[in-house]
Amino acid sequence: MRKLPRVLVVEDEPSIAELIAVNLRHNGFAPTVVFDGAAAQREVDAVLPDVILLDWMLPGESGAVLARQWRKHERTKTVPILMLTARSDESDKVQGLDAGADDYITKPFSTQELLARIRAVLRRRAPEIVNDSVQVGELALDAGTYRVTFRGSELKVGPTEFKLLHYLMKHAERVHTRGTLLDKVWGDHVFIEERTVDVHVKRLRESLGEASGMVETVRGAGYRLTAMNQTGKPAQGTPISAA
Ligand code: CA
């Protein structure tokens, strides 16, 4: 198992901090929440995080002061910093970036936007730790360890089917034409008949066993992977999280 990326959340509003932490936990990150600069510094000294979410307006030292300190020190200077700001004032953003933040996000923000920004700064600064795992319903795929599991049991999936499944899971609930799948999974320089896709989808369904119903044929359009149908019945309240 790969280690989950550690995210230090420096945010003095408990409700926002908690919401961020819950969402991070559900999406493959290991968050630690602190409410002010002094606690943030203690945490950074103890365990170096993989990314820091830093609120701009904090009691005591401001986010900008902290960012500037961390950028100056050898140990912390490459840790990605994503600034959280309540204000959409242009000068704040500029100051945040000047202080050494990699990016900023303006409150209120959506979970999806936050996750996308975190992944983007991690990819830029530390591509090796971006967690390339994806979960749809009870089906999980980890590209790092090359494992596919359904309800915790490992499934045997061939290399082409693995790539196909990875793409479908990352873009779940959308219909993909055979042409798109050929482009995205096989690469657009390869000349293969579209029927080939059908062959691999058939193999994929065989590999998925009980979860085979998650790969749907959409008549006249293509294929879709859905959290529904994993038991032949709609999954109740199953969250979908795609990387
Ligand atoms: Ca604040």
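This is a predicted model: local features need pLDDT of at least 70, side-chain atom pairs count only at pLDDT 80 or more; totals for chains, interfaces and linings use all residues.
Local features need pLDDT of at least 70, side-chain atom pairs count only at pLDDT 80 or more, and totals for chains, interfaces and linings use all residues. Residues are numbered from 1 along each chain as its sequence is written, and side-chain values use heavy atoms, with hydrogens and water left out.

Reader: What is the order of the strands in the open sheet?

Author: Strands are DSSP runs (E, at least two residues), and helices likewise (H or I, at least four), numbered from the N terminus. Two strands pair if DSSP finds at least two bridges between them. The pairing is parallel, and the 5 strands have the order E2-E1-E3-E4-E5.

Reader: Which strands stand at the edges, each with a single partner strand?

Author: One side of each edge strand is left without a neighbour in the sheet, because each has a single partner. These are strand E2 (30-34) and strand E5 (103-106).

Reader: Which residues coordinate the calcium ion?

Author: Donors are N, O and S atoms within 2.8 Å of the metal (3.2 Å for Na, K and Ca); water is not among the atoms, so sites may look incomplete. At 2.1 to 2.3 Å, the ion is coordinated by Asp-12 (OD), Asp-55 (OD) and Met-57 (O).

Reader: Is Asp-55 buried or exposed?

Author: Buried means under 20% relative accessible area, exposed over 50%, and partly exposed in between (1.4 Å probe, protein chains only). Asp-12 is partly exposed at 28%. Asp-55 has a relative accessible area of 2% and is buried.
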